[in-house]
Amino acid sequence: MRKSSRVLGLTILIFCAITLSIWYAALREDRHGLLTVSFLNIGQGDAIFIDAPSGRQVLIDGGKGSAVVRELGKVSPWYDRSIDVVIGTHPDADHIGGLPDVLARYDVGTVVRSSVEDGGADQSAFLRAIDSEKGARVLIAERGQIINLGKGVYLEILFPDRPLPSVETNTGSIVARLVYGDTAFMLTGDAPQTIEEYLVSLDGRSLKSDVLKAGHHGSRTSSALAFVGYVAPSYTVFSRGCDNSYGHPHKEVVELFARFGIPTSDTCKDGAVTFVSDGRTVSRR
């Protein structure tokens with residue numbers, strides 16, 4: 001009797017696992033036409049999770065430590081152990097420090113990294129983790145690259161426009177624009193005002209985006225007036241930790257967005273900040 005019960009229980013578990021796998025495979029393929037972008041609450045740093053209508057997923061940066069793994073568990077199912085693309089915008093700890101944990105836990109198809117070489121411990125750990133991710137394609141980000149996420153969604157690399165191995169890490173930060181139909185998200189890493197103004201000279205009105213992740217966690221070193229004006233976002237996000245030692249977001253930046261009448265969200269105050277696009281409009285979830 002006990003043996004029969006064990007066999008029955010095992011059969012039910014196998015059936016449930018198969019059913020779950022089939023359901024999840026279907027879910028990965030159909031998000032009902034919605035693009036979801038979540039700015040994760042990982043403390044002082046950046047971690048942006050993109051879930052495309054095709055089911056393809058991207059993680060841009062991972063904060064300092066293991067918090068990113070916990071936060072990923074909140075925006076994707078516990079049984080999801082794959083991420084299509086992982087991007088490290090530049091080799092500062094608050095951007096790539098958590099990515100080795102991500103690469104250890106998830107199967108990753110493509111890793112995109114900055115060309116900046118700072119020789120620090122965090123970058124060394126990131127590079128070792130990339131090497132251990134067998135089968136992953138590795139790209140050095142450069143302007144003009146397009147990461148196709150399917151069903152009309154793509155991520156375009158705007159900067160850097162050349163290899164920059166020796167520049168200051170923030171200056172070499174990857175800047176990308178996520179596009180879906182008539183909607184877009186401007187994702188700036190820690191790019192300073194000089195780079196923002198350079199992009200204005202290159203792209204002008206093409207920078208227009210519905211959502212802007214404020215550069216460098218709301219530091220006064222980013223969010224140049226002309227750049228914010230050309231991006232003209234409907235929403236801005238400060239990705240930062242509470243009571244951080246840098247004073248982010250700086251008062252001048254907060255006042256700048258207020259002057260433009262642009263509402264701001266803050267991962268410190270609001271937790272994870274999530275937006276949804278149907279290709280026509282963007283709304284805050």
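In which sense do strand β10 and strand β11 pair, and over how many bridges? Strand β10 (residues 183-187) and strand β11 (residues 211-213) pair in the parallel sense, over 3 bridges. Let's walk through the rest of the model.

## The model and its confidence

This is a predicted model, in which local features need pLDDT of at least 70 and side-chain atom pairs count only at pLDDT 80 or more, while totals for chains, interfaces and linings use all residues. Residues are numbered from 1 along each chain as its sequence is written, and side-chain values use heavy atoms, with hydrogens and water left out.

The chain has a mean pLDDT (the predictor's confidence in each residue, from 0 to 100) of 91, and 89% of its residues reach 70 or more. Over residues 7-11 the pLDDT is below 50, and this stretch has 0 contacts (heavy atoms within 4.5 Å) beyond near neighbours in sequence. Residues 13-27 also stay under 50, and here the model has 6 contacts beyond four places in sequence.

Helices (H or I, at least four residues) and strands (E, at least two) are DSSP runs, numbered from the N terminus. Two strands pair if DSSP finds at least two bridges between them. Strands of a sheet pair through backbone hydrogen bonds, either parallel or antiparallel.

For axes, lines are fitted to C-alpha atoms (for helices over the stretch in contact), and angles run from 0 to 180 degrees between N-to-C directions.

Met186 has Leu212 in β11 as its bridge partner.

Another open sheet, of 8 strands, runs in the order β6-β5-β4-β3-β2-β1-β14-β15 with mixed pairing. At its edges stand β6 (137-140) and β15 (282-284), each with a single partner strand, so one side of each is left without a neighbour in the sheet. The twist averages 20 degrees from one strand to the next.

Within this sheet, β2 and strand β3 (residues 57-60) pair in the antiparallel sense over 4 bridges, and Ile50 stands opposite Val58 in β3. Helix α5 (residues 121-132) packs on the sheet and touches β4 (82-88), β5 (107-113) and β6; its direction makes about 140 degrees with that of β5.

## The largest pocket

On a 1 Å grid over the protein atoms alone, a pocket is an open set of points with protein on both sides within 12 Å along at least five of seven lines, and lining residues have an atom within 4 Å of a point. Grid points are joined across faces, edges and corners, and a volume is the space filled by probe spheres set on the points.

The largest pocket holds about 240 Å³ of space. It is lined by 13 residues, of which Arg31, Thr36, Asp51, Val75 and Arg285 are the closest to its centre. Both β1 (35-39) and β2 (48-51) supply at least two residues of this lining.

Notes:
1 Å grid on protein atoms, 1.4 Å probe; cavity = no way out; pocket = protein on both sides within 12 Å on 5 of 7 lines; lining within 4 Å.
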